[in-house]
Amino acid sequence: MSASPLMPVEDAIDRLLTMAEAQWIEDSEAVPLSAARQRVLANDLLATLDLPPWPNSAMDGYALNVEGWDGAPLAVSQQVFAGQAPEALAPGTCARIFTGAPVPPGADCVEMQENTQVLDDGRIRFKQPLSAGSNIRPQGQENRAGDVLLRAGKRLGPFELAVAAAQGCTHVQVVRRPRVALLSTGDELVEPGNPLKPGGIYNSNRTLLSHWLNALGCEVIDAGILPDEPRQTRLKLEQLQHTADLMLSTGGVSAGDADCLGQVLRECGKPLLWKLSIKPGKPLTVGHFGRVPVIGLPGNPTSALVTFGLLARAYLLRIQGVEEVEPLSFPVSVGFAWPKPGSRREYLRAKLEGGRAVLYPNQSSGVLLGASWADGLVEVLEGCALKVGDTARFIPFSELF
Ligand code: AMP
Ligand code: MG
């Protein structure tokens, strides 16, 4: 393999994360739980309650005090349903109790009803030896008031929001949404709904990225389509620089392209054209317009998808304070041969079938359909051939949202 001047994917991620540290979003807002999914917690969430708030029964059955009990059948002195406040257990009796109901003070054990027998006189016979504590969920078993339940920087999904609900919260304090100005560049682009002009193609990156940005907690400022023309590009960036936390564009970065984004950034700063060891992908424009960071992704839909998913996503999570930005991945056995690896790291659209990764037949970077067919990306390291049964890293798409 010849010496490669291309930037490794890890280095590009590190540089973007360093850039993100300087763009950290400080503002936060209180948002109702119903609207907080995919947002990032701004402050640690502290418990205000012990959970469970009182000892409760894990079973339908009978509560009794086994301490000092001689094993004889017991009369039932009260019934406790979930949601009721029991009285103290009368000595020498048991209480009928149902799942989730508070255990009466004085009881130290619940026996499940299947292991009991109701005698003719109404007393309860316990068929098996019992021990204190069984079938009782103690107060504070899950957490104590004052515990840190969720750390600042945690992305909120259904589980985290349910944890907040269990504490009685109606709102959570989350980081303000990053405002991302989304630009599609290319003279050939036509918005869906308009007739396709000769030589034109419909803009698919805008739909791809605006949904994805929303899923990452961002607010999208849709800046529409820009022609491959520096003056208009510049005017647009001037307009956007006062509202956006990031300008994200697709297209116009490949060699031989008009590259007007790079040209505009060169005029007013130091644009960096990163030549990445990544396929699909490779050229990535990174810079600032005024004080606003700009990331220019390649235009090919699959190149945009891979570079956004592996690079821009990490940046956008980090500016919201998320620590763990690396997607979970796992090794898979490959069901295909890749005998001629390139000098760039490749991300192949693949599906998991019968425990093996199989490839979408057309891996061209212009083909978007493969991403919809696939479950995720198989990573082929630079210069490393694969044969059937070899192991490769698999990044599920679900992890990238
Ligand atoms: P570029 O990076 O501008 O050279 O674009 C590479 C390829 O991606 C070209 O075939 C473009 O037509 C296509 N392309 C660029 N932008 C988009 C877009 N927003 N939606 C769909 N295809 C695009
Ligand atoms: Mg173009």
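This is a predicted model: local features need pLDDT of at least 70, side-chain atom pairs count only at pLDDT 80 or more; totals for chains, interfaces and linings use all residues.
Local features need pLDDT of at least 70 and side-chain atom pairs count only at pLDDT 80 or more, while totals for chains, interfaces and linings use all residues; side-chain values use heavy atoms, without hydrogens and water. Residues are numbered from 1 along each chain as its sequence is written, with chains lettered from A and ligands numbered from 1 in the order in which they are written.

Six strands form an open sheet of mixed pairing in the order β16-β13-β17-β21-β20-β18. Its edge strands, β16 (219-226) and β18 (272-275), each pair on one side only. Strands are DSSP runs of E, at least two residues, and helices runs of H or I, at least four, numbered from the N terminus; two strands pair if DSSP finds at least two bridges between them. Strands β17 (residues 246-250) and β21 (residues 292-297) run parallel and are joined by four bridges. Methionine 247 stands opposite valine 294 in β21.

The structure holds eight aromatic pairs (Phe, Tyr or six-membered Trp rings with centres within 6.5 Å; stacked under 30 degrees between planes, edge-to-face over 60, the rest tilted). Phenylalanine 330 and phenylalanine 394 form a tilted pair, 5.6 Å centre to centre with 45 degrees between the planes. Phenylalanine 330 lies in β22 and phenylalanine 394 in β26, so the pair ties together parts 64 residues apart in sequence.

Two charges sit over rings (NZ of Lys or CZ of Arg within 6 Å of the ring centre and within 35 degrees of the ring normal):

| Charged residue | Ring | Distance from ring centre |
|---|---|---|
| Arginine 15 | Tryptophan 274 | 5.8 Å |
| Lysine 351 | Tryptophan 373 | 4.9 Å |
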